[in-house]
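Visitor: Could you walk me through how to read some features of a model?
Guide: Gladly; let us look at it together.

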Amino acid sequence: MRLYLINPSNPFVSSVKVKESRWNRYRVWKPLSLMVLAGLTPPEWDITIVDENLGAPDYEAMPRPDLVGITAFTSQANRAYDVATHFRNLGVPVVMGGIHATMCLDEVLERVDSVVTREAEGVWGQVLEDARQGRLKRCYDGGLAEIAEVPLARHDLLSAGYAFGAVQTTRGCPLNCSFCSVTAFNGARYRQRPIADVVREFQSVREKYVLVVDDNLIGTRPEHIAHAKDLFRALAQADLRKKWVAQATINFADDEELLALAAKAGCAGVFIGFESSAPEGLLEVGKKFNLLKGRDFRASVRRIQRHKMLVAGSFIMGLDIDEPGIGERIAEAASQYGVDTINVGFLTPLPGTRLWDQMQSEDRIALDAFPEDWNYYTLNLPVARYKHFTLDGIFEEMMSCGRNFYSMPRVLRRLWSNVWQRRKPLISLVANFSYKRNFRLDCTAYADFKRYWSQRSSCVKES
Ligand code: B12
Ligand code: SF4
């Protein structure tokens, strides 16, 4: 039995377009979902994982599979449907799973043979058995997996073409920020994988650099943090000789022992969600952790950096409290915090989030011709009606933020401090130029987007 597991590309997501910029090589990360599915698949299946972000293959030239499994974030949904149509036309059954299939079940059911909602661990075996017997059900709900049942991902199946490997150590997040799908999808209960599994998983990754895909590396409660410390001790003891980066909330900076252990375990940097520099903004998105009284972001960032780890700050633009000048304000705040890079996204109502419900009830979702408009749900394009900005206005704010934070003098100043503090200057250099380049690529994407938007608006007027 032949199984293709496919990660569709999204032509509009500049951060994953390798050919446009060599810096992007460092920002193409493996579709771990498909490697985990492969880990759940019995040996009688011959598995090929196709990651279209490395270039879409000529499916015609490939042997006919018995089953196709497709994953998709929302921004990849349209390409996923094209791929599904291709295989369904050949009479090959197509199963789709992942975040978009879960949040937009009815839409997806119209376009594939079968859908797996939520986490696949509990049902994938059944799906394969049903497919083998030609009696696939229309829908399977995996619910939330027992964390100890998450298998070792098949890292051997995607071993070339990437700068980073990928590993997951936890699932779920209790914080439920309004714009984020994680609590809705993976649940509020924070689940940490058995330490021995994670160590084995790291050992099976070939790359020297690893992205730990967790949304919240250390969790929120003392017992989560104690587990994280044990994990870091075990990773250090395993002497992996790997460097890894992860996403964490700002409480990562609160515990010196934790920081020392993370650094010893190979942590080279963390992505921290600052979201907004204004307390009103944090209140708006429900990021309670960052609102803790007396929190000093600059001091927190410095504490992390003192352990030789880089800090990438993530911000959102287009909150209701944001007013003209927000681009420069974000760049200034990020420079003041002292972060090494920033990643700024437009406030985007992703399906299944609290923000989606709110914006839909206020009729503020501007790009709502679905599924076509999902292409633009990349966070690099403004898809909603923002309180204080026109479309061009908010895009100009984004460019001004990029020009300011990634201006040559500022990049060089940051690099100098990386060299001075002996804090991963090479990684910082690559990250700064990759982000700088992406701000420019976003301009091209925006020009295409504007053309599409004006054509669509005139069609609506005519009809
Ligand atoms: C790692 C990651 C990335 C990596 C991508 C790596 C990759 N190629 O997959 C990078 C950094 C490149 C990235 C980029 C983006 N990301 Co991202 N990312 C994540 C993150 C943190 C982890 C995903 C992961 O690997 N999980 C581990 C695996 C094992 O879990 P899983 O993917 O959920 O898979 C399980 C199930 O979903 C299911 N499943 C999944 N696929 C399939 C397929 C089949 C057939 C079946 C049966 C089951 C199944 O089974 C798996 C095992 O249980 C998630 C957050 C999250 N918790 O999901 C956000 C997340 C997926 N990203 C998000 C977004 C918005 C983006 C971007 C659009 C914007 C951005 N700038 O970040 C881009 C777009 C990329 C693109 N290709 O179009 C959103 C997506 C929301 C949505 N509705 O689409 C998420 C949920 C974060 C959030 N804040 O809401 N991302
Ligand atoms: S943004 Fe981060 S902290 Fe907030 S719910 Fe999502 S994963 Fe949790």
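Visitor: By class, what residues does the shell around ligand 2 have?
Guide: Ala, Val, Leu, Ile, Met, Phe, Trp, Tyr, Cys and Pro count as nonpolar, Asp, Glu, Lys and Arg as charged, and the others, Gly among them, as polar. Here the shell has 5 nonpolar, 3 polar and 2 charged residues. A residue is near a molecule if one of its heavy atoms lies within 4 Å of it; around ligand 2 these include Cys 173, Cys 177, Cys 180, Asp 215 and Lys 287. Keep in mind that this is a predicted model, where local features need pLDDT of at least 70, side-chain atom pairs count only at pLDDT 80 or more, and totals for chains, interfaces and linings use all residues. Residues are numbered from 1 along each chain as its sequence is written, chains are lettered from A and ligands numbered from 1 in the order in which they are written, and side-chain values use heavy atoms, with hydrogens and water left out.

Visitor: Which residues come nearest to ligand 1?
Guide: Thr 71, Thr 74, Glu 121, Ser 181 and Asp 215 do, out of 41 residues around ligand 1. That shell divides into 20 nonpolar, 15 polar and 6 charged residues. For polar contacts, look for a pair of N or O atoms within 3.5 Å. A polar side-chain atom of Thr 71 is 2.6 Å from a nitrogen atom of ligand 1, and an N or O atom in the side chain of Ser 181 is 2.8 Å from an oxygen atom of ligand 1.

Visitor: Which element gives the most to the shell around ligand 1?
Guide: Helices (H or I, at least four residues) and strands (E, at least two) are DSSP runs, numbered from the N terminus. Helix H1 gives the most, with 4 residues.

Visitor: Where is the cis peptide bond?
Guide: Most residues other than glycine have a negative phi, and most peptide bonds are trans. In this model a cis bond joins Phe 370 and Pro 371, with omega about 10°. Pro 371 lies in the loop between helix H13 (354–361) and helix H14 (391–405).

Visitor: What is the phi of Asp 363?
Guide: Asp 363 has a positive phi of about 55°, although it is not a glycine. Asp 363 also lies in the loop between H13 and H14.

Visitor: Is Asp 363 buried or exposed?
Guide: Buried means under 20% relative accessible area, exposed over 50%, partly exposed in between (1.4 Å probe, protein chains only). Asp 363 has a relative accessible area of 56%, so it is exposed. Arg 118, with a positive phi near 55°, counts as partly exposed at 32% relative accessibility.

Terms used: Polar contact = N/O pair within 3.5 Å; in protein donor to acceptor, adjacent residues only side chain to side chain.
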